[in-house]
Amino acid sequence: MKRRTRHGGLVAWGFAAPALLVYLGFLVYPALNSLWFSFTDWDGLSASYNIVGVDNYTSMVDDPVVAQAALNNLIWAVVTVVVPVVLGLALAVVLNGKVRGKPVLRLIFYTPAVLPLVSVASIWGWLYNPQYGAINAGLRAIGLDSLAQPWLGQDSTALGATMVAAIWLRVGFPMLLYLAALQGINQELYEAATVDGAGRWQQFWHITMPGLRPAHYVVIALSVIDSFKVFDLIYAMTYGGPGTATQVMGTWMYFNVFQYNQAGYGTAIAVVITVVAIAVSIPYVRSQTKEASA
Amino acid sequence: MTTVAAPPEKLKPGPRGGFGTTVGMTIAALVWISPLVLLVITGVRPLADFVSHGPLSWPGTFTLGNFADAWNIGNFATTYRNSTVLLLLKVPLGVFVSAMLAYALAKLRIRFGAAIMYTVFLGLTIPIYITIVPVFVMARSAGLTDSLIGLVGPYLAFGIPFEVLVLQSFIRQIPDEIIEAAKIDGAGPWRVFLTIVLPLSLPALVTVFILDAVATWNEFLFALILLNSDASKTIPVGLLNFQGQFSNNSTGLAAGILIAVVPILIAYTFLQRWIVGGLTAGASKG
């Protein structure tokens with residue numbers, strides 16, 4: 001009898017090849033090609049360009065918009081991860097308890113997440129409309145006329161206003177994952193704790209939170225990864241403005257490439273944020289790989 | 001947890017009651033859904049009625065005229081067709097090649113399997129914008145700018161990591177004995193794949209298909225840079241243009257947004273158990 005081969009050989013590669021080739025051709029290669037462009041002064045149109053070494057990276061240091069965009073990315077990452085995760089956890093805990101109509105409630109809170117981001121931007125841009133928007137109308141209706149303002153049109157509120165839209169659409173995801181994880185916690189633990197006289201709050205911290213540890217890890221990792229990808233919402237809601245108040249690295253990269261014909265500089269911006277995103281996400285990717293190969 | 005991409009378990013009914021909590025959650029849910037409710041109320045009233053009574057009032061009269069205007073001016077007949085064609089071209093192909101790769105990783109003991117998985121899963125973290133300049137250059141040199149075909153490659157590539165992540169974990173759980181038995185009966189790897197692995201993975205395939213369809217339908221950045229004529233635009237790009245034209249016509253804008261999102265909302269309502277199951281499976285294997 002022939003000895004069993006350890007590897008699948010050519011057949012396995014045959015099955016893997018189509019997806020791998022597409023993945024390498026349209027994701028890996030373009031990403032590496034961008035890395036190359038980031039060392040050039042290419043304008044995105046001409047047939048030729050010069051290699052300028054790390055000039056694009058050093059000029060980022062002197063670009064005030066990059067500083068603004070990086071700060072906005074950081075704020076965006078913190079706020080649109082922390083707030084949805086905390087709210088999603090709270091919703092999941094409540095939905096896991098004594099509530100009627102759970103399926104409908106779950107359906108509603110996740111609904112914004114399935115909409116195209118452009119439509120979310122349109123909806124919130126419309127709600128924020130200074131003159132005809134529902135938000136200012138609501139404030140005026142309850143006598144808070146002084147708080148009615150052009151939410152997306154002024155530096156002080158524009159970024160916050162875009163993040164509210166992001167929170168609206170991102171609460172559902174952590175809620176779903178926590179809800180699934182909560183169903184995996186042994187109910188007898190709660191019963192035993194109740195017998196021992198532990199209050200609800202104590203039960204939450206000593207049973208629920210430890211039980212959710214794997215879920216916390218996944219929820220936070222995926223939320224952080226997602227936060228670095230921010231582009232659509234900002235582009236469609238504020239176009240980076242007013243001025244450069246809501247620029248993030250993704251949009252500032254886009255403007256440099258497609259508006260200012262600085263493809264080399266633009267790709268350098270993209271490289272920086274991508275490297276940060278990858279560095280932050282590597283533990284997650286590693287854990288997924290390990291789990292699968294185990 | 002070993003939740004896999006099956007429809008999620010029904011929420012445990014739990015004890016009935018919790019009146020206060022139910023009221024509180026209902027209010028929270030109403031607040032959450034209120035932007036969409038306002039959108040509907042605004043979309044079905046005449047502009048003059050909206051302007052004179054304000055956005056938070058109940059309509060004095062009702063009309064469907066906004067939808068007709070928005071449909072024509074927003075070019076939705078074209079963008080709907082384009083988004084549908086793209087979805088039908090891309091999603092079945094993406095799911096199929098991802099399933100093939102997932103099978104190779106899960107059951108065929110492919111050499112460097114762990115390295116391949118690591119490389120592919122890393123794709124989950126790559127923002128689209130790092131690739132847009134080279135993708136644009138590639139599409140231009142292939143003569144595929146302003147063509148839906150030009151979007152298929154990049155869309156496939158960015159869909160593969162998640163699809164492979166979910167599918168390989170599902171396929172891994174198919175018992176080896178079933179596959180071995182088929183091999184003893186003389187089935188080659190293709191027959192095993194097509195007649196055993198794919199049918200047994202059906203729940204995961206459906207889930208991945210739906211999630212990929214949503215992502216494809218909603219994708220914006222590649223479509224923005226590669227499509228320029230009105231005739232080739234997809235719904236997100238078309239909606240952005242539309243938004244610009246209707247910025248001073250709130251009722252028309254509301255109608256246009258609804259035209260763009262209502263089909264997704266209906267599909268989501270019917271398919272939500274698959275969506276929820278897939279997201280949970282793709283993520284929570286801790």
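Where in chain A does W151(A) lie? W151(A) sits in the loop between α6 (134-141) and α7 (155-170) of chain A. This is a predicted model, in which local features need pLDDT of at least 70 and side-chain atom pairs count only at pLDDT 80 or more, while totals for chains, interfaces and linings use all residues. Residues are numbered from 1 along each chain as its sequence is written, and chains are lettered from A and ligands numbered from 1 in the order in which they are written.

**Around W151(A)**
- W151(A) is buried, with 22 other C-beta atoms within 10 Å; buried means 20 or more such atoms, exposed 12 or fewer, and partly exposed in between, with C-beta atoms placed from the backbone.
- Leaving aside residues up to four places away in sequence, W151(A) touches Y128(A), I135(A), T157(A) and A161(A); contact means C-beta atoms, placed from the backbone, within 7 Å.
- N129(A) is 22 residues from W151(A) in sequence, and their C-alpha atoms are 7.7 Å apart.

**Chain A as a whole**
- Chain A has 14 helices and 0 strands, where helices (H or I, at least four residues) and strands (E, at least two) are DSSP runs numbered from the N terminus.
- The C-alpha trace of chain A spans about 85 × 75 × 30 Å along its principal axes.
- Of the 294 residues in chain A, 48% are buried.

**Where chain A meets chain B**
- Here 89 residues of chain A are in contact with 90 residues of chain B.
- Helix α1 (residues 9-37) of chain A gives the largest share of the side of chain A that touches chain B, with 18 residues.

Notes
Contact = placed C-beta atoms within 7 Å.
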